[in-house]
Amino acid sequence: MIIDHPLLGPRDAQEFVILGDASLIDRPDWQAEDSAQQFHDYQHLRDNPAGEHRELWFHEQGDRSWLVVTRNTLTHEVLKVELARDVAMARGRGR
Amino acid sequence: MRYSVLQILKEGLTGNRGWKPVWREPEPKKRYDVIVVGGGGHGLATAYYLATVHGLTDVAVLEKGWLGSGNVGRNTTIVRSNYLLPGNEPFYELSMKLWEGLEQDFNYNAMVSQRGIINLYHSDAQRDAAARRANAMILAGADGVLLDREALERICPYLDFDNERFPIAGGLCQPRGGTVRHDAVAWGYARGADRRGVDLIQNREVTGFDIRNGVCHGVETNRGTIGADRVAVCVAGSSGKVMGYAGLRLPIESHVLQAFVTEGLKPAVPGVITYGAGHFYVSQSDKGGLVFGGDIDGYNSYAQRGNLPTLEDVCEGGMALMPTIGRARVLRIWGGLVDMSMDGSPFIDRTSVDGLFFNGGWNYGGFKATPASGYCYAHLIATGEPHPVATEMRLDRFERGAAIDEKGVGAQPNLH
């Protein structure tokens, strides 16, 4: 698989490690009433789709940036690559 | 028809005209007591034990392809019960005992070959861990012996004992481990279930569940609805997809695991050998091909094929363990869809929907578990209570802080 890094251009997926579903960006509020339940769901439950899947990849052997890669799990085709920072900011995760 | 030597002689003398199809191909009824979704090893075993142990024969197995077309036909055929944790080891030892009596039980030659499995160790710390594991196995009624380097040199002299970085110090051997003809397991269970009245329905994909007021009343398929009091899902790599029809999210990700077979060689590998300093395991099939594999690729996949970096990694492990393997040519490579759970251990449980049961999360180790998985799943479906050796395999174990993390690496699928 080739991951088209937004800053560095096309890179071999071997340079990266994958963390998993990009929903891991949406860390629950620890002060919520049901935060224990929310954290359980956040940490352990997955949509696990057959088809388009947004996931977090870390460029460990490169510039050590976190990326959100949209990939088709049926074909391994990489559809879209974004900086995780941009995605998180857009979701209001940044300060 | 019961298979026996007499039967073979009789058929041989009469032109082999008396053999019958091994199972029927019935049209499904409108309604069953139990519907098993998934006609792989675990599904067929479940149907078989529902019929034989619990007397439930109003059962249908629905399979979207042909029987045994999933992981039961795509694995590396190893059986073993060399687990450590109390939530796992008694279950896998039950499986081992069922393997040992399986062929006589279902009257089919599954070529159960207990030629031993050896997990190598390379350091003092690994030796201690192996001794502890062997003790845990013995406590659960299994067998485990520590082999020193001299004993190993007699069994497999071609290993790289004096490797600069990871010299081989010894191994943990389970003599009762070994290999089984994987397709024959599916066929044997299918035939056994069919003979007791279970309907095996092929080319019938489940596309939804008939759930009203939190109770499951049956399944929707690509060719109509079928009613059932109890619906038991065991679809391995497709777990996320199928349970999604019921609106349930699982602690499971689907990944790809690759396996490799070389050309046929003279007998060299007596049992199963696993490398202790990397992820690589090898056995030799009855046809002579070396069957080997290693880690999962590590990313979510439904493609049933992997990529080259993992192939390279596995082959590097092989070369470090037994350099002689470099002379063998790989003939076949394939990938299986594995249902990786968060802690590397499986689930056999009820769900929040009444009448809907779930069996999955077998990771890369579902084949060895086939008999016990079917046995315990059938017990749960028939009695409503988990089997005593499967009480820890619950879907809510992460909420309770009761993960079964056999490798002790944390709750993330691609670490296992």
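This is a predicted model: local features need pLDDT of at least 70, side-chain atom pairs count only at pLDDT 80 or more; totals for chains, interfaces and linings use all residues.
1. Now for the overall dimensions. Taken along the principal axes, the C-alpha atoms of chain A fill a box of roughly 45 × 30 × 20 Å. Chain A has 95 residues, and 18% of them are buried. As for contacts within chain A, take those between residues at least 6 apart in sequence: 50% of these join residues at least 24 apart.

2. Next, the partner chain. On the chain A side, 18 residues are in contact with 22 residues of chain B. Three elements of chain A give two or more residues to this side: strand S3 (17–21), helix H1 (35–44) and strand S4 (52–58). H1(A) gives the most, with three residues. Sorted by class, the side of chain A that touches chain B has 10 polar, five nonpolar and three charged residues.

3. Strand S5 (residues 66–72) of chain A runs antiparallel to strand S6 (residues 78–83) of chain A, and five bridges join them.

4. Last, the turn. S5(A) and S6(A) form a hairpin, with five residues between the two strands. Which residue in the turn has a positive phi? That's His76(A), at about 70 degrees.

Methods
Residues are numbered from 1 along each chain as its sequence is written. Chains are lettered from A and ligands numbered from 1 in the order in which they are written. A residue is buried if 20 or more other C-beta atoms lie within 10 Å of its own, exposed if 12 or fewer, and partly exposed in between; C-beta atoms are placed from the backbone. Two residues are in contact if their C-beta atoms, placed from the backbone, lie within 7 Å. Helices (H or I, at least four residues) and strands (E, at least two) are DSSP runs, numbered from the N terminus. Ala, Val, Leu, Ile, Met, Phe, Trp, Tyr, Cys and Pro count as nonpolar, Asp, Glu, Lys and Arg as charged, and the others, Gly among them, as polar. Two strands pair if DSSP finds at least two bridges between them.
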